[in-house]
Amino acid sequence: MTLRWMLAALHLVALGIGLGAVWARGRALSGSPDRAAISRALSADGWWGFAAVLWLATGLWRLLRATEKPTAYYLANHLFWAKMGLFGLILLLELWPMLSLIGWRRRMRRGRVPNIDRAGAFARISFIQAVLLLGMIVAAAGMARGYGVVGR
């Protein structure tokens, strides 16, 4: 019982960290970010990455070890697949910003200012990801209450 509780709590903590981080990244990259805003965006991006790792680890553990419900419950649940689809879309949207921001980090470490021409696009992607994350929350809340099961 304690493991279930801790995994669920960590999964929810990742949600809070991730939602706040992706929103903060978007805010920092909006407009014409200066060096301080770029640093804030990179910090938020690091927290966003941490949250993603925590979500994946706790989510896979909960799914594959059936700590909450049997794995078959999730695999037969439409809301679970909607949640996974939204998560996949978030990951696809993340590829371009992630690879670019890795380069920005390298440039900043060398004392150079990165090319911020794409900052506005990365801000929009971040805000879209935040909305998709809210969709995941809605799907998860329904799933936890037994909705989405085939035949229900």
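Helix H1 (2-29), H2, H3, H4 and helix H5 (119-144) each contribute at least two residues to the lining of the largest pocket, where helices are DSSP runs of H or I with at least four residues, strands are runs of E with at least two, and both are numbered from the N terminus. This is a predicted model, in which local features need pLDDT of at least 70 and side-chain atom pairs count only at pLDDT 80 or more, while totals for chains, interfaces and linings use all residues. Residues are numbered from 1 along each chain as its sequence is written, and side-chain values use heavy atoms, with hydrogens and water left out.

**The chain as a whole**

- The chain has five helices and zero strands, and its elements run α-α-α-α-α from the N terminus on.
- Taken along the principal axes, the box filled by the C-alpha atoms of the chain is roughly 55 × 30 × 20 Å.
- Of the 152 residues of the chain, 38% count as buried, a word that means under 20% relative accessible area, with exposed meaning over 50% and partly exposed in between (1.4 Å probe, protein chains only).
- Among contacts (heavy atoms within 4.5 Å) between residues at least 6 apart in sequence, 79% join residues at least 24 apart.

**The largest pocket**

- About 700 Å³ of space lies in the largest pocket, and of the 26 residues that line this pocket, the closest to its centre are His 11, Arg 62, Lys 83, Ala 140 and Met 143.
- On a 1 Å grid over the protein atoms alone, a pocket is an open set of points where a 1.4 Å probe fits, with protein on both sides within 12 Å along at least five of seven lines, and lining residues have an atom within 4 Å of a point.
- The volume is the space filled by probe spheres set on the points, which are joined across faces, edges and corners.
- H5 gives the most to the lining of the largest pocket, with seven residues.

- His 11 is found in helix H1 and is buried, with a relative accessible area of 14%.
- Leaving aside neighbours within four places in sequence, His 11 is in contact with Trp 55, Thr 58, Gly 59, Arg 62 and Lys 83.
- Val 13, also found in helix H1, counts as partly exposed at 43% relative accessibility, and although Val 13 and Trp 55 are 42 residues apart in sequence, they are 8.9 Å apart in space, C-alpha to C-alpha.

**Residues in the loops**

- Ala 66, in the loop between helix H2 (35-64) and helix H3 (71-75), has a positive phi of about 50 degrees although it is not a glycine, and this residue is partly exposed, with a relative accessible area of 35%.
- Most residues other than glycine have a negative phi.
- Thr 67 is found in the loop between H2 and H3 and counts as buried at 11% relative accessibility; leaving aside neighbours within four places in sequence, Thr 67 is in contact with Arg 4, Leu 7, Trp 61 and Arg 62.
- Asn 77, in the loop between H3 and helix H4 (78-109), is buried, with a relative accessible area of 0%, and its contacts, leaving aside neighbours within four places in sequence, are Met 143, Tyr 147, Gly 148 and Val 149.
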